[in-house]
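Hi everyone, thanks for making time this morning. I'd like to walk you through one model, so please have a look at it first.

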Amino acid sequence: MSVVKGLSNDDPTISIDAPQLRDPKDTVVLAAAVAANAEAILTGDLDLLV
């Protein structure tokens, strides 16, 4: 664990408001993408593909 912890960054928690999501549990995936400044999300999750 100490190796992994040494490689990780402590970033502030990011929350997003996405009431239009069909599956509210996907909010965590979108928040992670926003926090990482992702340009794309690769997924097979049909709720995120809408």
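I'll begin with the chain as a whole and then go through a few residues.

A quick word on where the values come from. This is a predicted model, in which local features need pLDDT of at least 70 and side-chain atom pairs count only at pLDDT 80 or more, while totals for chains, interfaces and linings use all residues. Residues are numbered from 1 along each chain as its sequence is written, and side-chain values use heavy atoms, with hydrogens and water left out.

So, the overview. The chain has 2 helices and 0 strands; helices are DSSP runs of H or I with at least four residues, strands are runs of E with at least two, and both are numbered from the N terminus. Of the 50 residues, 10% are buried. Buried here means under 20% relative accessible area, exposed means over 50%, and partly exposed is in between, with a 1.4 Å probe and protein chains only. The accessible surface is about 4500 Å², and carbon and sulfur atoms account for 57% of that. Those areas come from the Shrake-Rupley method with a 1.4 Å probe, and for residues only the protein chains shown count as cover.

Now to the charged residues. How many salt bridges does the structure hold? There is 1, where a salt bridge is a side-chain nitrogen of Lys or Arg within 4 Å of a carboxyl oxygen of Asp or Glu. R22 and D47 form a salt bridge through their side chains, at 3.0 Å from N to O. This pair ties together distant parts of the chain: R22 sits in the loop between helix 1 and helix 2, D47 in the segment after helix 2, and they are 25 residues apart. R22 counts as exposed because its relative accessibility is 53%, and D47 counts as partly exposed because its value is 25%.

Leaving aside neighbours within four places in sequence, R22 is in contact with L46, D47 and V50, contact being heavy atoms within 4.5 Å. A polar atom of the R22 side chain also lies 3.4 Å from the backbone oxygen of L46.

Next, D26, in the loop between helix 1 (2-7) and helix 2 (27-35). Not counting residues up to four places away in sequence, D26 touches L21, D45, D47 and L48.

Let's finish on helix 2. A31 lies in this helix and counts as buried because its relative accessibility is 10%. Beyond its sequence neighbours within four places, A31 is in contact with I14 and I16. The C-alpha atoms of A31 and A18, 13 residues apart along the chain, are separated by 9.8 Å.

V29 is in helix 2 as well, and counts as partly exposed because its relative accessibility is 34%. Together, V28, V29 and I41 make a nonpolar surface patch of about 240 Å². Patches are made of residues with over 30% relative accessible area and no salt bridge, joining like charges within 9 Å and nonpolar side chains (Val, Leu, Ile, Met, Phe, Trp, Tyr) within 5 Å.

Definitions and conventions: Polar contact = N/O pair within 3.5 Å; in protein donor to acceptor, adjacent residues only side chain to side chain.
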